[in-house]
Amino acid sequence: MKEDFKKRTVISPEGKPIEIDPLKDYFSDAKPKVYKPGNPVIEKFANWARANSLWVLGFGTGCGAIEMRPLMTPRFDAYRYGIQWRPTPRQASVFVVSGYLSVKTLKRVVRTYEQMQNPKFVIALGSCTINGGMYWDSYNTINRLDQYMPVDVYIAGCMPRPESLLAGFEKLKTIIKEGRGEGANTYAEKFDWYKANQKKIIKDWDMPDYNW
Amino acid sequence: MENLNLEIITLITGIILVLIGIWGLLTQKNLIKIVIGFTLFNTGIHIIMVSIGYVKNRTAPIIDQSVNINDVGNSVVDPVPQALVLTAIVIGLGVTALMLTYVLKMYQKRKSLEINNYNDLKW
Amino acid sequence: MEFKNIGYALLTIFIVLNYGLILQGVVRKIGARVGRRYGIRWYQPYIDIIKNYAKRSTITHGVMFYIAPVFRLTGGIGLLLFMPVIFGSDIFGNFSFAGDLVLVLYFQFFGILGMALGAAESGHPYSAIGISRGLSQVTSFELPLTLGVLAVAMQYQTLNITEIVAAQQGGFMNWTIITNPFAAIAMLIAFLGAMGRSPFDVVLAPQEIPIGPPTEFQSGLLGVLQLNRAIFPAAKLILFMNLLFGGATNWAELILKTFLIYMWPVFVGTVFPRFRVDQSIRWFLTVPLIIGIIAIILI
Amino acid sequence: MVGPIYIIAIALGTAFSLGFFKKANSNFSFAFMLFAMAFMTFISGQWLYAFLTQQQETIQIFTAGFKPPFSISLQMGLHESVFLSLINIIGLLAAIYLYDQLREKGVQMMMIFVLLFMGLNVVIMTRDIFNLFVFLEIASIATAGLIILDKSINATSAGFKYIIATAIISGILLIGIIAIYYFAGSLFINDIIKLNLIYVKGGAVAVFLVLIAIILELKPFPANGWALDVYEAAHPGIGAVISAASASAGIFVLAKILPIVGDPGYYIIGLIGIITFLGSNLLGLKQDKANRLLGYSSIGQIGLLLTIIGLTPYLGDKTLFIAFGVLISHALAKAGLFWLAGIINSEQIKGWAAIRRNPHLLVLMGTFIFALVGFPPFPSFFAKWELIMQLANNDKILWLALILIGSFIEGIYLFRWFGYAIKGENEDLPEFKIQWNKIIPVIVSALGLYAIGYYYSTLTGLAANLNYIPLLFIIFLYAIDFLPVYIKNTISIAGIGYYLYITFPDLEEFRLIFALIFLVGGIIILLAGYAKKGRRSGFYPLVMMMFAGLIGLIEANTTLEFFFAWEIMTIGSYFLIIRGKKSMTHALSYMLFSVGGAYLILAGFGLAHIGQSSYSLDILANVQSYAPIIFTLLAIGFMTKTASIGLHIWLPGAHAEAESDVSPMVSAILLKAGVFGLIVLMLKMGAQSFGSFDIYYALAWIGAITAVMGNMMAAFQEDAKRLLAYSSIGFLGYALFGLALMSHLGWLAAVSLSVVHFMFKTLLFLAIGGVVMRVKTKEMYKMGGLIKKMPFTFISVLMGIIVIAGVPPLTGFGGKWILYNAVLEKGWFLPAGAIFFAGIIAFLYCFRLIHAIFLGQLKDEHREVKEAPFWMLLPQYIILAVIMLFSAIPNSLLKPIGEAIMPYFSEGALEWQGNLAISNFGYWNGELIMYIVGGIFVVVFGWLWFMNRNAQEVKQFNIGYSAERPSLPETTHFAYNFFAPYKKALGFLVSPIISDFWEAVSEGIHAIADKIRRIYDGNAQTYVLHIIAFIVIFYLIAFGGSYGI
């Protein structure tokens, strides 16, 4: 664990020693909540809006990330499908994990995923996220992303071309419109299972269980 | 040289003494010599005083046989400067004595008569 | 003031909100076309807002954080409502009887300040950096703007926006941009800064400090901010239209004029790359300032 | 009545009979001597009383039964009796003070001591010029005798220099006397005077020699190295005698022989005096040894007295009043300081920090210092006032300027010294003992200063209606200083409240507005005092002194009252400021700017008085000559208090380092004194210009630049209180600008901004004070995230900054709106542009203040910080309530102010329709705006709440942070150098040019002082050379010029 996150004692301005436990004091330790879909009519309308306003947070973990860039170019122009890039997990609704995940990266991916707001969707990109791809027997990468977080769409390929990405986004839209994009709720429901899987891989667990 | 009467001689002597005294005061580095310079200066002043009170062809302001008791005012010199000079001499004596005391004290403390050794206080 | 004013105000807000959203979409479309892209759908801003309101979870960093969007939107709506939107219309004169041009100029800051406070409470350093940049830039273009406003107010001998518009009626030769060109130029350059488009958009630098001050806002809070992003620029456009381009006597004129005025920052923004903050401060305090001083001297 | 001759008889008799006592009987001999001294004092005091109250006539005493010139005659008149009393009282006190030394050294020293005073007494009374010489010699021999009793080598060598120098001088004197006798034929001064010797060939030289010798006895600059050495080395008890008693006698002798010289003498004396006054004070600047410093100051004061004597032809019948005032203050204060020096026993002035161990000694020291510099209520204040008035009346502008410059320089080193005493490091300084016999003389001279000061004020006639009630209240508070803080606080609040109650009906217009700011403001801020625990020793008298000054300003009808109050206020605020931590240098610069400003005001009042007999403030309304100069002087004087650009460098440090509830007093209230002064000035004097150059336009620019620079510097501060201090500078820039517009709206803006500034600055300083109290640091970047710990404080800061920023709907906007209208009316657009630019820059520091302290990341150490104490919050919320009232109903604030302005500027007033204000250009309805904004806010908030009521509250590190997360709050809190880009772009504007300028001035003066003082190389011969050169040079001046024979 990083030194900064260990418990420490500081002296208050009055000269009183204070015990600081950074993980408790500085991070919220609330559990994720399950947000049930509401009124079906409203929900249907909302899903249409969610599907047509995909704000993408791209996590360029591996070489697959290179395939994200062309989407913004005139040739593919993903904007016309309502896909836009958003650099902060707070505002993004689609999380694109692009490529293999080393153990170290997984920790960041989990954290980023948890910081997004419900409902949120995950697109995993490239073979590495499905079965490890060319790193399937690496000591330091994971093989299946959906062991660690609910994935809505896998896009196979090493690497998948932009066209496949667009197809993946279209698939995601369909899923959302059908009301099946409830990954965030799944994550909350099966929170303990996901956490157990994550902790199995991530040995140096130095964060609260859920990163708000 | 006819004009060179007693009055002028004493006056000039006095002024010369004063100047010598000041010269001594300003140039000598030995404390004792400085004191001597002062006494010369003082003596010079006394002589000047006497010379100023002197009136030609008159006698000392002591009333005895040589003075006509009815014409005292015209036969003796002005008595006041004479009286004053006595007082001045006394005072000069006191001052000189005090100066020497100081010199003594200074010598006792620092075993030196060199005035430049007593410049600790300045600025 | 009567209750029907509130109704009229709501009507104005509704029209301007829609106009602002469409304008946003259209302008982005234009930007895309300049870049030879097809671009977003013109109604994409609506979808985005609905999407954000449809988010189910929200986080908050504290009270100020929570009410910051409220400040922001109140600032935008207030700015709009304190101006006469349509010249000569009782209905769309709104609350302009409450204060004059000075009120409008200073009320802009209501939202900026509130937003800055809320964003800062998130404790996110990028928010703070964005605010630092934003405030720095605001101060610098405010000087030419003030000089221009003083020149215009002196020209018409009034601070009353309605009277300023009234004085410009009767053909475009009466518009301030023609009658008082230096003041108008100074104000229009300041307007570039006020719109926050390139080259003055380092405040929101999307990748470097992820979209700047609102970086922590999400869901409904972001939705409120998006509403403001539709109303606030529209209100500013209306202000400049009123001051420099003779105002509008009906909605069609308003839409035409504001659209064309908006093309000015859009054009500049499409052509020029981004300034650093210190560069933009220096720039605003040289060329536009000199133009503003000339405007004042010529009065 | 006991004849004055008995003084001599007693002194001689005592001196002789002391010789009979044995050493063992030292106590008895001391008592005997003391009794003799007391009896001498009694005799002189009795005569003084007779002269003052019973129309006693001047008497001549003839010795030896002859009339002069055949015998020595003594004279006893009013002046003699004053000097005798002064000298003998000092002698008596000095004897008490020297108890230990006198007993140890035995009867010899007592004899010498008594003889010294006998000498001085006779010197004063005698009318025989040779007798004068004799007793001067007795006095100097006795002095040398006293010096030599100190065993140290330094004292001995200094004494040697002393005796050499005085011997030379007395030689010159003797030659002069005998020459005078030669020409006059008499030694009786009255006879000599009749002969007008200077018109006799050669007689002039004789007179010159006597005159120059007497002047040399007074140690004129630069022929005074010997005296300085004595002051430094001699026992302080003896230094006191030389400085106070001997110098007083010397001055009297000079006055006595002056008629012999006649009119040409005034010129020489004045010239020597002013050179001495300036030169000696200048060299004093570089001095770091306390006793020597006192020496320089003594010589400087004597120089001032010489100047006054030299200026007699212009001062007329006021000369005595002025000279006595200066002399008595000098004698008592200087003796007191020498005596204190003996108690503290520290060679270096830095060592005086030890005095703090006994605060009462500090009070005494302060009394002496302020008396020396000429502050009220001491005689020197009235004397200096009268001096300046008379000089101005006679058009002696150069003299006036030189005297003020000299006094100012003296103020520099005295206050620096005092600063060391109050605030210097005193950790490892030695303890000192206070013996009863050493402290009594000090107390007596201090009380004497107060008593004579009061007596003096009654003499001026004008001062009879000076208001002493607040000063009595201060004394009362000093007396109950041992009580706990809450009692004293209650009494103080009650005192101010009662005073407001009784004066309220008499006040109107601006006086009322400013009285409310000063007094109601004072009460509100004092409420915060309940948060303090313990005794808070010495605080309340000082606070009340500042308020007494402020009240005095309000009530002043005459220039004297105004200036008196101004100085009282300066004293109080100086002490309040210096109470803060690390505030020594800031308090010094505050004091220097205040004193400098006060002198400008004094000069201005003096010039305004030319050709007018009244002292009423109305004289400003019809000045006869120099109107623009008077206006400029007074304006600059007042602007030192409002801290306009160039004169502002004292403010940030002074306000930032002050205590948490003192900062609002000095910032929110005290600065308004300057504004009030400017208002009075502008109302009385109206438009002013140098030729075609409008001074007000310059003032408007000064205001604008002050506003921009103040605000920009505020934006770059790391220290919260410093930030607020700079913000005050900026805000007073607006006020100055508004006043300079000289229109109804400009003044409305300026006065309403002043009121608003009072409110939000109190609010902010108290709030920040509360925070600083809790987190124990003023660096903003070390705080952060305190909103959750101190929510109430946060709210008041929030409101405060919204008001500063002038954002609608709060009341700050009103000022901005009026200013806009005022500018449009006046047409000064360029400075106006700068003013509005400054207004926007205010956003920068406002945001920084609230962000760095309350928002952002909470620090480890502050996780258990508590809300500020109730008593700190209470005044804040009272003010908040008033701000909300003024915001919602703007005409509750603006209408009364408008009515106050109406009689002076009736054109362009606002028209009020309910809460709708209508100007010639625009309109503004504060109430409506409040409702509209409130309404929109509530609706939007309701909408948000409806959509997002179940938001998850997260903690401070739960932020989206590029897939990482923060690890330490201090590295995550973005607050240090917050406006880095701004600094990069415009930082060059705030490079400290002005402080550098003042620093260079100060360094330059010090360097000059250091160079010049090298002439005192410590060698007796050099000193003799100085004396001779002095005589030669002044001989050439006297006889080479128009006064030559």
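Predicted model: local features only at pLDDT ≥ 70, side-chain atom pairs only at ≥ 80, totals over all residues.
Visitor: Is Tyr626(D) buried, exposed or partly exposed?
Guide: A residue is buried with 20 or more other C-beta atoms within 10 Å and exposed with 12 or fewer. Tyr626(D) has 17 C-beta neighbours inside 10 Å, so the residue counts as partly exposed.

Visitor: Is Ala643(D) buried or exposed?
Guide: Ala643(D) also has a positive phi, about 55 degrees, although it is not a glycine. The residue sits in the loop between helix 26 and helix 27 (651-657) of chain D. The cut-off for burial is 20 or more other C-beta atoms within 10 Å. Ala643(D) has 29 of them, and therefore counts as buried.

Visitor: Which loop of chain D holds Pro222(D)?
Guide: The peptide bond from Phe221(D) to Pro222(D) is cis, with omega near 0 degrees. Pro222(D) belongs to the loop between helix 9 (203-217) and helix 10 (225-233) of chain D.

Visitor: Are helix 30 and helix 34 of chain D roughly parallel or roughly antiparallel?
Guide: Helix 30 (residues 720-741) and helix 34 (residues 829-854) of chain D pack with their axes 11 Å apart, at an angle of about 160 degrees. Angles over 145 degrees count as roughly antiparallel. The crossing of helix 30 and helix 34 of chain D is left-handed. By the angle, helix 30 and helix 34 of chain D are therefore roughly antiparallel.

Visitor: How do the residues of the contact of helix 30 with helix 34 of chain D divide into nonpolar, polar and charged, and how many of each are there?
Guide: On helix 30 of chain D the contact includes Gly730(D), Gly733(D) and Tyr734(D). On helix 34 of chain D it includes Ala838(D), Ala842(D) and Tyr845(D). The division is eleven nonpolar, three polar and no charged.

Visitor: Which element of chain B gives the most residues to the side that touches chain D?
Guide: The contact takes 34 residues from chain B and 37 residues from chain D. On the side of chain B, the elements that give two or more residues are helix 1 (6-27), helix 2 (31-53) and helix 4 (79-110). The residues on that side divide into 23 nonpolar, six polar and five charged. The most, 16 residues, come from helix 4 of chain B.

Visitor: Which chains share the most contacts?
Guide: Chain A and chain B do not touch, their nearest C-alpha atoms being 48 Å apart. No contact joins chain B and chain C either, with the closest C-alpha atoms 53 Å apart. Among the four pairs of chains in contact, the most contacts are shared by chains C and D.

Visitor: Which strands stand at the edges of the open sheet in chain A?
Guide: Five strands form this sheet in the order 4-3-5-6-7, with parallel pairing. The strands at the edges each have a single partner strand, so one side of each is left without a neighbour in the sheet. They are strand 4 (83-85) and strand 7 (153-155) of chain A.

Visitor: In strand 5 of chain A, which residue is the bridge partner of Phe59(A)?
Guide: Strand 3 (residues 54-59) and strand 5 (residues 94-98) of chain A pair in the parallel sense over four bridges. Helix 3 (residues 103-115) of chain A packs on the sheet, touching strand 3, strand 5 and strand 6 (121-125). The bridge partner of Phe59(A) in strand 5 is Val97(A).

Visitor: Which residue in the turn of the hairpin of strand 1 and strand 2 of chain A has a positive phi?
Guide: Strand 1 (residues 8-11) and strand 2 (residues 17-20) of chain A run antiparallel and are joined by four bridges. Arg8(A) has Ile20(A) as its bridge partner in strand 2. Five residues lie between the two strands, and the one in the turn with a positive phi, about 90 degrees, is Gly15(A).

Visitor: Where in chain A is Pro119(A)?
Guide: A cis peptide bond joins Asn118(A) and Pro119(A), with omega about -5 degrees. The place of Pro119(A) is the loop between helix 3 and strand 6 of chain A.

Notes
Residues numbered from 1 in each chain as written. Chains lettered and ligands numbered in written order. Contact = placed C-beta atoms within 7 Å. Nonpolar A, V, L, I, M, F, W, Y, C, P; charged D, E, K, R; others polar. Pairing = 2+ DSSP bridges. Axes fitted to C-alpha atoms, helices over the stretch in contact; angles between N-to-C directions. Parallel < 35°, antiparallel > 145°, perpendicular 65-115°, else oblique. Left-handed = near helix turned anticlockwise from the far one by under 90°.
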